[in-house]
Amino acid sequence: MRISKLSLPVWLREGCVIVASILLAFGIDAQWELSRERSDAKVLLELLRSDFAATVAEAERVYANHAGGLHAAEQLIFMAEEDALTPADASRVDRHLSVMMVSGASFDPPLGTVQSLIQSGRLSQIAEPTLIAMLTAWPSEVEDLKQQEDSFGGSFGALGEALTTMGTRMDWLVATDHVGADIGPLPWKSQTTESWRHLDDPNLSMALANYWLGMRFTVKAAEQRLERSKEILSALEATER
């Protein structure tokens with residue numbers, strides 16, 4: 001079929017319209033895809049920000065719990081070095097022991113969102129390389145603290161065994177004002193124990209020293225996770241804005 005001179009401009013115009021329509025369709029698809037990716041990234045950031053706000057609160061709780069145990073152990077070690085303890089020291093000794101025996105909190109932050117993003121490769125939707133690196137490393141850092149807490153469990157158990165061997169009643173755990181304030185009114189009258197008599201016992205002294213050493217490492221690890229969780233949350237909030 002021949003194309004006449006008169007029909008050529010019409011053919012060219014129609015061709016240009018078709019090409020323009022195709023390009024426009026591609027442009028719309030690309031714009032839609034970009035808009036969808038931005039929307040997805042915004043949702044991901046909101047989920048992560050919510051998770052890490054909860055993580056910071058959890059890290060603060062665990063750090064305070066461990067730090068309280070460390071301080072209590074230090075106080076008991078100092079008391080053991082005093083010239084002589086008397087029944088008047090019983091309440092103070094029991095309080096410190098109570099704090100120590102409830103200092104075994106475990107770090108349990110929400111990890112579902114960040115682990116899902118890592119496994120699916122969707123962390124690349126976040127535009128900040130430094131933030132991506134911190135999020136990628138975060139599950140391993142959490143696991144490191146959990147392993148430290150598990151490792152410390154041996155020292156924790158040894159302290160209870162030392163007290164039991166000496167015949168010290170274990171009901172002091174819930175019989176002191178400190179623990180009572182945490183769990184609510186006690187159904188029985190608070191009592192003191194004879195633990196103060198045993199602070200200079202070699203077995204208890206060793207248990208206290210091991211507890212203190214293990215808790216020192218645990219507190220340091222908890223502090224590091226607290227600071228890192230705050231750093232990640234701050235980066236997420238900055239990126240979201």
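Figure 1. Glycine 121 takes a positive phi of about 80°. This residue comes just after helix 3, and helix 3 itself spans residues 112–120. The coordinates belong to a predicted model, and the values quoted in these legends are computed from that model.

**Figure 2. Buried and exposed residues of helix 3.** Thr113, Val114 and Leu117 of helix 3 are buried. These three residues lie on the same side of helix 3, because they cover an arc of only 95° around the axis. Gly112 and Gln119, on the other side of helix 3, are exposed.

**Figure 3. Packing of helix 3 with helix 4.** The axes of helix 3 and helix 4 are 10 Å apart, and the two helices pack at an angle of about 115°. The crossing in which helix 3 passes helix 4 is left-handed. From helix 3, Val114, Gln115 and Ile118 take part, meeting Leu135, Thr136 and Pro139 in helix 4.

**Figure 4. Packing of helix 2 with helix 4.** Helix 2 covers residues 90–101 and helix 4 covers residues 129–165. Their axes are 10 Å apart, with a packing angle of about 140°. Helix 2 is therefore oblique to helix 4, since an angle over 145 degrees would be needed for the pair to count as roughly antiparallel. The crossing of helix 2 and helix 4 is left-handed. Helix 2 makes the contact through Leu97, Met100 and Met101, and helix 4 makes it through Phe156, Leu159, Gly160 and Leu163.

Figure 5. Glycine 157 is located in helix 4. With a relative accessibility of 32%, glycine 157 counts as partly exposed, because this class lies between the limits of 20% for buried and 50% for exposed. The C-alpha atoms of glycine 157 and methionine 101 are 9.2 Å apart in space, while the two residues are 56 residues apart in sequence. Met101 is among the residues of helix 2 that contact helix 4.

Figure 6. Glutamate 141 is part of helix 4. Its relative accessibility is 16%, so glutamate 141 counts as buried. When residues up to four places away in sequence are not counted, glutamate 141 touches Arg225 and Arg228.

Figure 7. Alanine 235 has its place in helix 6, which comprises residues 202–240. With neighbours within four places in sequence left aside, alanine 235 is in contact with Leu131 and Met134. Between the C-alpha atoms of alanine 235 and methionine 134 the separation is 9.7 Å, although these residues are 101 residues apart along the chain.

**Figure 8. Overall context for the close-up views.** The protein contains six helices and zero strands, and its pattern along the sequence reads α-α-α-α-α-α. Of its 241 residues, 34% count as buried. Among contacts with a separation of 6 or more, 83% are accounted for by residues 24 or more positions apart. The protein exposes about 14200 Å², of which carbon and sulfur atoms supply 57%.

How values were computed:
Residues numbered from 1 in each chain as written. Predicted model: local features only at pLDDT ≥ 70, side-chain atom pairs only at ≥ 80, totals over all residues. Heavy atoms only, no water. Helix = DSSP H or I, 4+ residues; strand = E, 2+ residues; numbered from the N terminus. Buried < 20%, exposed > 50% of the residue type's maximum accessible area, 1.4 Å probe, protein only. Contact = heavy atoms within 4.5 Å. Areas by Shrake-Rupley, 256 points an atom, 1.4 Å probe, with all protein chains shown as cover. Arc of directions from axis to C-beta. Axes fitted to C-alpha atoms, helices over the stretch in contact; angles between N-to-C directions. Parallel < 35°, antiparallel > 145°, perpendicular 65-115°, else oblique. Left-handed = near helix turned anticlockwise from the far one by under 90°.
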